[in-house]
Amino acid sequence: MMQKLLKMMNNESVLFNNLYYHNMLPKIKMNLSCPMPKFDFDVITMGHGSGGLLTHKFLQSGVFDILKNDLLDQQHDGASFELTGKTAFSTDSYVISPIFFPGGNIGDLAINGTVNDIAMCGAEAKYMSLGFIIEEGFTMKEFWEVLVSIKNAADKANVKIVTGDTKVVEKGKGDKIFINTSGIGTIHPKANIHHNNIEEGDVIIVSGNIANHGIAIMSIREGLDFETAIESDTANLNHTVLRLINTFGNDIKFLRDPTRGGVASVLNEIAELTQLSFYLEQSLIPLNDAVEGACEMLGLDPLYVANEGLFLAVVKKEIATSFLAQLRTDENGVNAAVIGEVTRTNPGKVIMKSRVGGKRIVTYLTGEQLPRIC
Amino acid sequence: MCLAIPGKLIAITAQLDETFRTGKVSFGGIQKEVNLFMVPEAKIDDYLLVHVGVAISVVDEEEAKLTFKYLKDMGEVEELELPTN
Amino acid sequence: MKFLTEYRDPEMVVQYVKEIKAITTKPWTLMEICGGQTHSLVKNGILDMLPKFITMVHGPGCPVCVTSVSVIDEAIYLAEQPHVILCSFGDMLRVPGSKKSLLEAKAEGADIRILYSPLEAVQLAKTNPDKQVVFFAVGFETTAPANALSVVHAGSLGLSNYSILASHVLVPPAMEAILGDDENTIDAFLAAGHVCTIMGIDEYYPISEKYKCPIVVTGFEPVDLLQGILMAVQQLEKGEYKVENQYARSVQREGNKMAQDTIHKVFTISDRVWRGIGNIPQSGYEVNEEYKLFNARVKFNINIPLAEENKECISGAIMKGLKKPKECPNFGIKCKPEHPLGAPMVSSEGACAAYYHYASADEMVVE
């Protein structure tokens, strides 16, 4: 894309003499806390995505500078680099609405989500791609806020954004902003993550309080307005996970971050794949008080609510205690807990012993969980 | 029927008109504004049952305890009945 | 959470189960009226814990399940009008109408919003004076006062762009319809605790007397339900039939007077078609003449053809407790939560949906 841009620039060299163009050049002043540069446009328009001057200006005036690194600076169509060994590669698209929510925004999710997917493969994401699809009329102010979050999240996760794309669609054809990120990284030599490794007797661990993210989102959607802010738990888990892999290697059988569909959906998936049974105890599942209150009020089951900065691990029984101990010293694992174990008695099913002692099957969710009145 | 859960009334927030006395109710860790029209007797620190944003009753704390006494009382009653055999 | 967590105490639950087992000498069939009670029984795994002699039949106490196809069609018709914002409780969205559900209509572009409370719909009307806001006023007697209050409040604010599409249903007529059926198998009822919080318990005495049936007004938490079941079985074992109040911490004999007054201010009792059961006379609420400007049916002059229910769905027999979901030839095959033929499979408390999840627990080997 950049080569095409440069070609267009050369052909349109007459524009360098254009007064209008000179007047439009933004004045950039960057510092670490990233205040928004002065743009001469408040909203993003179709022109900014057209690949011409406006696009160039749009990208040069902020995007490239804020995400600055040696690979991105080359501004080629694609990034070139060397990567050796077994590699993990993942992609995800982020379409969340509202884009700003307590605890973060779509930019945080876009980085952390893909970083975490790579981490669940036992790898540290080293490079990422970043694609925007922006709806015409999206304000520069909001875009900048998202971009700053992307930069901060990428820095914290120690990942470089090395290639990207920007498109603008007509009003009504998008929802403010959609983001796609792909990530790539080398798998840790000691990692051996696959559901086929799961055996009877393995222990199921969750890294913290569940359901925070989904409830945070629901709390600011129309009609569900809680005074006490419940924050999304979006966070990069790569450092946490890689430290654990470094210590415990292939005694960690399986990792997954339970995003949409929650803990119940992930466990149902692997129960079906492995034809083992996953036995949970409700009293062991960690839940923040405010989130529990919100779930009670709305009639939602926290097991099906989305999470972001959370992961499930299935580990060998013998290391469970030390695994938990190490995880709890990590900022992303202070509330980690053992929630159950793998058995053979009910193949393909997730069974839960309720707080009062009765047992039930935790099934797949049909569609999205909706608040109920009865 | 219906989903109604108990929360503690922690503040009266408004009395706009006859249909609108509102208060802040705390449910475990969250708070919500609740309409108090149907519980005119409710006062701060009372526990209210709230359904779709409206308080439908004040929890009777004495009665609440009785559920736990029920089995115990049953046990005592059965012991009393034994001598008639 | 106070007044909630204590009623989930595992030791107390074990004690109640023990006591129920100790006194039960014959098979008894009990019906819990309310969908919330069904939900609690299923999610806490209590059904499993009860002695085999006790059969719990899930009643029609799910306003979602009993809302007729025609009413869903009315709601969709309104939602598809320009300048209308249709507001609804979440659980209504997946119920199928004759052609589609509200969720599908939303996906096609209708302005449908999920709200937690009808009072929020009034706020929406206030802040959107150029739109017509309609609240889909569904529910049993528990929800009727809140829906009525929204109308009164809209009136006092002078709003002309708020109305409700009422589809309220009443419990006592439904109980009579079940008990009056020749094939009735229900021996005792656990009445709906929150309905009685509003309406009191006087309506149940004549029913208990007429059909010689124990009725225990019961709450929703595991300890409440087990105490309710224990009280009902005690009566049955002794050959008694009377009305008892397990949920006295919320239910008073006379109910909530303010709530009842609010209901009667706005609503009038009307006939109502119950999905799967048919018309039950004087079993619903409709907005009365005084508040007709807030009645969406009058305001929008709704006149859409009456829809027929899916003939393959035997929800009526199931909701009356005459047949079990497993006895339906379509259960789990043509009719599943992701493609339901009728409402009891859609709502998470519907008998069929509860059975769909619970039924597989029959195959569950105890860990």
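**Reading the model step by step**

Guide: Let us begin with chain A, where 86% of the contacts between residues at least 6 apart in sequence join residues at least 24 apart. Two residues are in contact if their C-beta atoms, placed from the backbone, lie within 7 Å. This is a predicted model, in which local features need pLDDT of at least 70 and side-chain atom pairs count only at pLDDT 80 or more, while totals for chains, interfaces and linings use all residues. Residues are numbered from 1 along each chain as its sequence is written, and chains are lettered from A and ligands numbered from 1 in the order in which they are written.

Visitor: How many helices and strands does chain A have?

Guide: Helices (H or I, at least four residues) and strands (E, at least two) are DSSP runs, numbered from the N terminus. Chain A has 10 helices and 13 strands.

Visitor: What percentage of the residues of chain A count as buried?

Guide: A residue is buried if 20 or more other C-beta atoms lie within 10 Å of its own, exposed if 12 or fewer, and partly exposed in between; the C-beta atoms are placed from the backbone. In chain A, 47% of the 374 residues count as buried.

Visitor: In what order do the strands of the open sheet in chain C lie?

Guide: Strands are said to pair if DSSP finds at least two bridges between them. In chain C, 5 strands form an open sheet with parallel pairing, in the order 2-1-7-8-9. Strand 2 (54-61) and strand 9 (243-245) of chain C are the edge strands, each pairing on one side only. On average, neighbouring strands of this sheet are turned by 25° against each other, direction ignored; axes are lines fitted to C-alpha atoms, for helices over the stretch in contact, and angles run from 0 to 180 degrees between N-to-C directions.

Visitor: How many bridges join the strands inside this sheet?

Guide: Strand 1 (residues 28-34) and strand 7 (residues 188-192) of chain C pair over 3 bridges, and C:Leu30 has C:Ala188 as its bridge partner. Strand 7 is joined to strand 8 of chain C by 4 bridges, with C:Ala191 opposite C:Val217. Strand 8 in turn pairs with strand 9 of chain C over 3 bridges, and here C:Val217 stands opposite C:Asn245.

Visitor: Are the faces of strand 8 of chain C covered or uncovered?

Guide: Both faces of strand 8 (residues 215-218) of chain C are covered. C:Ile215 and C:Val217 on one side, and C:Val216 and C:Thr218 on the other, are all buried.

Visitor: In which sense do strand 1 and strand 4 of chain B pair?

Guide: Strand 1 (residues 5-15) and strand 4 (residues 47-51) of chain B pair in the antiparallel sense over 4 bridges, and B:Gly7 has B:Leu48 as its partner.

Visitor: Which residues have the most contacts inside the largest nonpolar core?

Guide: A nonpolar core is a set of buried Ala, Val, Leu, Ile, Met, Phe, Trp, Tyr and Cys residues joined through C-beta atoms within 7 Å. The largest one has 256 residues, and B:Ala55 and C:Leu86 have the most contacts inside it. Helix 12 of chain C gives the most to this core, with 9 residues.

Visitor: Why is C:Leu226 counted as buried?

Guide: C:Leu226 is buried because 28 other C-beta atoms lie within 10 Å. This residue is found in helix 12 of chain C. C:Leu226 and C:Ile20 are 206 residues apart in sequence, yet 8.2 Å apart in space, C-alpha to C-alpha.

Visitor: How many residues do chain C and chain B each bring to their contact?

Guide: Chain C brings 40 residues and chain B brings 32. Helix 8 (144-156) of chain C gives the most to the side of chain C that touches chain B, with 6 residues. That side divides into 22 nonpolar, 15 polar and 3 charged residues. Here Ala, Val, Leu, Ile, Met, Phe, Trp, Tyr, Cys and Pro count as nonpolar, Asp, Glu, Lys and Arg as charged, and the others, Gly among them, as polar.
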